[in-house]
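Here is a friendly walk through one protein model. Have a look at the sequence and the structure first, and then we can go through the details together.

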Amino acid sequence: QRAISANRPYQGFVLAQLATDYIAEHYPQKISLTSLSEALGVSVSQIKRVFQEQVGQSMVTYLTGVRIQQAKRLIREGQLNFTQVAEQVGFDSIYYFSSLFKKQAGMTLSEYAKSLKD
């Protein structure tokens, strides 16, 4: 895979788009700045800088947001319990997942599920 140079602004945009596309496709898997930089053929510092500049948040914050949105979708579908939802969206720990969910969604998993029924 050919490395992308992000020296020009539009290339930074392209790199950020590739990174967000990669996250959208691979969010259930373990993704780190290192694995993302390797997948895109750029340095960790470059992907970190370009992601922050172009997306306006860190890669980890963005990834967490994607995972929480997908978790909300799975909870709406109502086929899985919260532990299964956590696993499906890439969290090893239901406790870590539920604390991040509450922080992002402003309510607990149970409150969110109940709000869908009201």
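## Salt bridges

Arg49 and Glu53 form a salt bridge, with their closest N and O atoms 3.5 Å apart; the term asks for a side-chain nitrogen of Lys or Arg within 4 Å of a carboxyl oxygen of Asp or Glu. Both residues belong to helix α3, where they are four residues apart, about one turn of the helix. Helices here are DSSP runs of H or I with at least four residues, strands are runs of E with at least two, and numbering starts at the N terminus. An α-helix has 3.6 residues a turn, so residues three or four places apart point the same way. Arg49 has a relative accessible area of 39% and is partly exposed, while Glu53, at 52%, is exposed. Buried means under 20% relative accessible area, exposed means over 50%, and partly exposed lies in between, using a 1.4 Å probe and protein chains only.

How many salt bridges does a search of the whole structure find? There are three. One joins Glu77 to Arg73, with the closest N and O atoms 3.0 Å apart; these two residues both lie in helix α4, again four residues apart, about one turn of the helix. Glu77 is partly exposed at 44% relative accessibility, and Arg73 is partly exposed at 31%. Another joins Asp92 to Lys30, where the closest N and O atoms are 2.6 Å apart. This pair links distant parts of the chain, 62 residues apart: Asp92 is in the loop between α5 and α6, and Lys30 is in the loop between α1 and α2. Asp92 is exposed at 68% relative accessibility, and Lys30 is exposed at 66%.

## How to read the model

The model is predicted, so local features need pLDDT of at least 70 and side-chain atom pairs count only at pLDDT 80 or more, while totals for chains, interfaces and linings use all residues. Residues are numbered from 1 along each chain as its sequence is written, and side-chain values use heavy atoms, leaving out hydrogens and water.

## Overall build

The protein has seven helices and zero strands. Its C-alpha trace spans about 50 × 20 × 20 Å along the principal axes. Of the 118 residues, 37% are buried. Contact means heavy atoms within 4.5 Å; among contacts between residues at least 6 apart in sequence, 56% join residues at least 24 apart.

At the end of the chain, Asp118 lies in the segment after α7 and is exposed, with 70% relative accessibility. Asp118 and Ala19 are 99 residues apart in sequence, and their C-alpha atoms are 37 Å apart in space.

## The core and helix α4

The largest nonpolar core has 32 residues, and those with the most contacts inside it are Ile23, Leu36, Phe97 and Phe101. Such a core is a set of buried Ala, Val, Leu, Ile, Met, Phe, Trp, Tyr and Cys residues joined through side-chain atoms within 4.5 Å. Two or more residues come from each of α1 (9–26), α2 (33–40), α3 (44–55), α4 (59–77), α5 (82–88), α6 (94–105) and α7 (109–117). Which element gives the largest share of this core? That is α4, with seven residues.

Buried residues in α4 include Met59, Leu63, Val66, Ile68, Ala71, Leu74 and Ile75, and also Arg67 and Lys72. The helix has 19 residues and should span 27 Å at 1.5 Å a residue, which agrees with its end C-alpha atoms being 27 Å apart; the expected span is 1.5 Å times one less than the number of residues. After α4 comes Gly78, whose phi is positive, near 70°. Leaving aside neighbours within four places in sequence, Phe101 is in contact with residues including Ile68, Lys72 and Ile75, as well as Leu109 and Tyr112.

## Aromatic rings

The structure holds five aromatic pairs. Rings of Phe, Tyr and Trp (its six-membered ring) pair if their centres lie within 6.5 Å; planes under 30 degrees apart count as stacked, over 60 as edge-to-face and the rest as tilted. The rings of Phe51 and Tyr62 are edge-to-face, because their centres are 5.4 Å apart and their planes are at 70°. Phe51 in helix α3 and Tyr62 in helix α4 are eleven residues apart. Phe51 is buried at 1% relative accessible area, whereas Tyr62 is partly exposed at 22%.

One aromatic cluster is formed by Phe91, Tyr96, Phe97, Phe101 and Tyr112. The charged end of Arg67 sits over the ring of Phe91, 5.5 Å from its centre; this term requires NZ of Lys or CZ of Arg within 6 Å of the ring centre and within 35 degrees of the ring normal.
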